[in-house]
Amino acid sequence: MSTDDTGVVFPAGPDGRRSTAAVGRAVVADALRPVDPVGARAAEQETNWRAGYLTHFRRLVEAGLASPDAARAVAGGGLDAVHTRLHVAGDDGERPLSALLDAPAPRTPGTREVTGEGEAERGFSLPFHGSRLRGAELSRRLDTWVEGGVLEPSAAEAVRTVAAHPEWLALPGRTVVVLGAGAEMGPLTALLRWGATVAGVDLPRPDLWRRVLDTARRGAGTLLVPADGDLPGGAGADLVREVPAVADWLAGLPGELVLGNYVYADGATNVRVSAAVDALTLRLQAARPETALAFLATPTDVFAVPGDAVAQSVRAYAGRSRVGKLVGRPLRTLSAGRLLQRAYVPGADPGVNDSLVAQQGPNYALAKRLQRWRATVARAAGTTVSMNVAPPTRTRSVVKNRALAAAYAGAHRFGVEVFEPATSNVLMAALLVHDLHTGGGPRHEHPWQDEAHAAVHGGLWRTAYAPRSALGLAAVLGLGAARG
């Protein structure tokens, strides 16, 4: 988001360079150290972080499976490391990220209110392949997804519950903060169509705000915008550099606050803005302790998954076609076992699903893991948290990456469904609404169970093959479609 060396930054090393790899290694090591000192040393000594990070991010999940306390220790250690190791740079030098918790705000933006001109939707419907599913059609589609292993049964039940309670959609009495108002995967459009009150925060870019404001006017809800001056020119704030200002503005908004984190940026900036949002979260919670938190987890990460997901994957592997079996054996031999590996050891409960995609890089992995850690720690403290795994989706950030675009185009051949943004947005907004009306959903014994609940992973958890072992073939098979 911010391209200079002010605001939230990686610390400068002895040579003056701001190394993202050094910070990534250190944060992962600090997270592992309380429960897995051997893993911590391995992360610290990784010489090729760009290629080698995959193993260490998997270990972060595996190390937490020993007990709920172990999982929370990993999350807490990782968060503490981020707040200690990342810095805030300004005219007075650099300080740890934690300095933002009580730093004075140079400004407090004014508030502009935009009221939608449309009629609020009074019933839930899901856009899908050019139509809108409701009632029996919606129920059949959810059944199909459950049977195909595209989403967890708990996600289907949550959507059915929302559909049965259309009065929930407008989230009366709440103000949902959408950090990343222009994000493709954010819930802003759906919430405004349903008549909700949304506070949108994004960069001060007039072209971005023209699009957001147009969405608000076509909707039926109320959009609150931080602005100094007229819209769209005066709208927005840079979270990397303006945490105190945004936090203080949010603290003054009406209603029960829901802080939704939907920010995204390329490369190292993704970590910077995610760390800034985490500092903002702590500052806002201090001022407004009742604030609920909302996140979307990426499906291309490592998760512990329930035994029934393992069982479905094992059945799929055993039932693959004769051609699949004939082709799979030589491919595994030629690739030294890297291609078309089975996903799980039969009977594992929980299983460990490793859907990390090397092309997305360690900065993306750290930014998304930071959000999962905050969700874990906040739940343990009694905060209402909505954090759901979102499906693989054809967003602009995916399509512009040729390797990912090709892999997504060929993913259906391996039992993985890739969603269109319109479907993902509404589906995940419905899960957010469900969570806010049910206190964050059921509480589970272990944090991995909270993360797995109501996941919409697109089939990555239940497909026959370990996802990364099929990714290359999916990309080859999807290359033509992606180009088209």
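**Close-up views of a predicted model**

**View 1. Two helices, H5 and H6, meet side by side.** In H5, the residues Leu138, Ser139, Leu142, Asp143 and Val146 meet Pro153, Ala156, Val159, Arg160 and Ala163 of H6. Sorted by class, this contact of H5 with H6 has seven nonpolar, one polar and two charged residues. Please keep in mind that this is a predicted model. The axes of the two helices come within 9 Å and cross at roughly 170°. This crossing makes H5 roughly antiparallel to H6, because angles over 145 degrees count that way.

**View 2. Glycine 149 sits in the loop between H5 and H6.** Is glycine 149 buried or exposed? Its relative accessibility is 0%, so glycine 149 counts as buried. Let us look at what surrounds this residue. Apart from neighbours within four places in sequence, glycine 149 is in contact with Gln312, His457, Gly459 and Arg462. Glutamine 312 is 163 residues away along the chain, yet the C-alpha atoms of glycine 149 and glutamine 312 are separated by 7.7 Å.

**View 3. Seven strands form an open sheet.** Follow the strands in the order E4-E9-E8-E7-E10-E11-E14, and note that the pairing is mixed. Which strands are at the edges? They are E4 (110-115) and E14 (385-389), each of which pairs on one side only. On average, neighbouring strands of this sheet are turned by 20° against each other, direction ignored.

**View 4. Strands E10 and E11 run parallel.** Four bridges join E10 (residues 256-261) to E11 (residues 292-297). Asparagine 261 stands opposite phenylalanine 295, which is in E11.

**View 5. Helices H8 and H10 lie across strands of the sheet.** Helix H8 (residues 206-218) lies across E4, E8 (197-201) and E9 (222-227), and runs at about 155° to E9. Helix H10 (residues 268-287) lies across E7 (174-179), E10 and E11, with an angle of about 170° to E10.

**View 6. Domain 1 is in contact with domain 2.** The domain assignment gives domain 1 as residues 1-97 and domain 2 as 111-306 + 346-482.

**View 7. Arginine 369 lies in helix H13 (residues 361-380).** With a relative accessible area of 2%, arginine 369 is buried, because buried means under 20%. Leaving aside neighbours within four places in sequence, arginine 369 is in contact with Phe57, Leu60, Val61, Asp301 and Val302.

View 8. Most peptide bonds are trans. Proline 350 has its place in the loop between H12 (322-334) and E13 (351-354).

**View 9. Leucine 171 and alanine 454 have positive phi values.** Most residues other than glycine have a negative phi. Leucine 171, in the loop between H6 and E7, has a phi near 50°. Alanine 454 has a phi of about 60° and lies in the loop between H17 (447-452) and H18 (467-483). Leucine 171 is buried at a relative accessible area of 1%, and alanine 454 counts as buried at 2% relative accessibility.

Definitions and conventions
Residues numbered from 1 in each chain as written. Predicted model: local features only at pLDDT ≥ 70, side-chain atom pairs only at ≥ 80, totals over all residues. Heavy atoms only, no water. Pairing = 2+ DSSP bridges. Axes fitted to C-alpha atoms, helices over the stretch in contact; angles between N-to-C directions. Contact = heavy atoms within 4.5 Å. Buried < 20%, exposed > 50% of the residue type's maximum accessible area, 1.4 Å probe, protein only. Parallel < 35°, antiparallel > 145°, perpendicular 65-115°, else oblique. Nonpolar A, V, L, I, M, F, W, Y, C, P; charged D, E, K, R; others polar. Domains from an automatic or database assignment.
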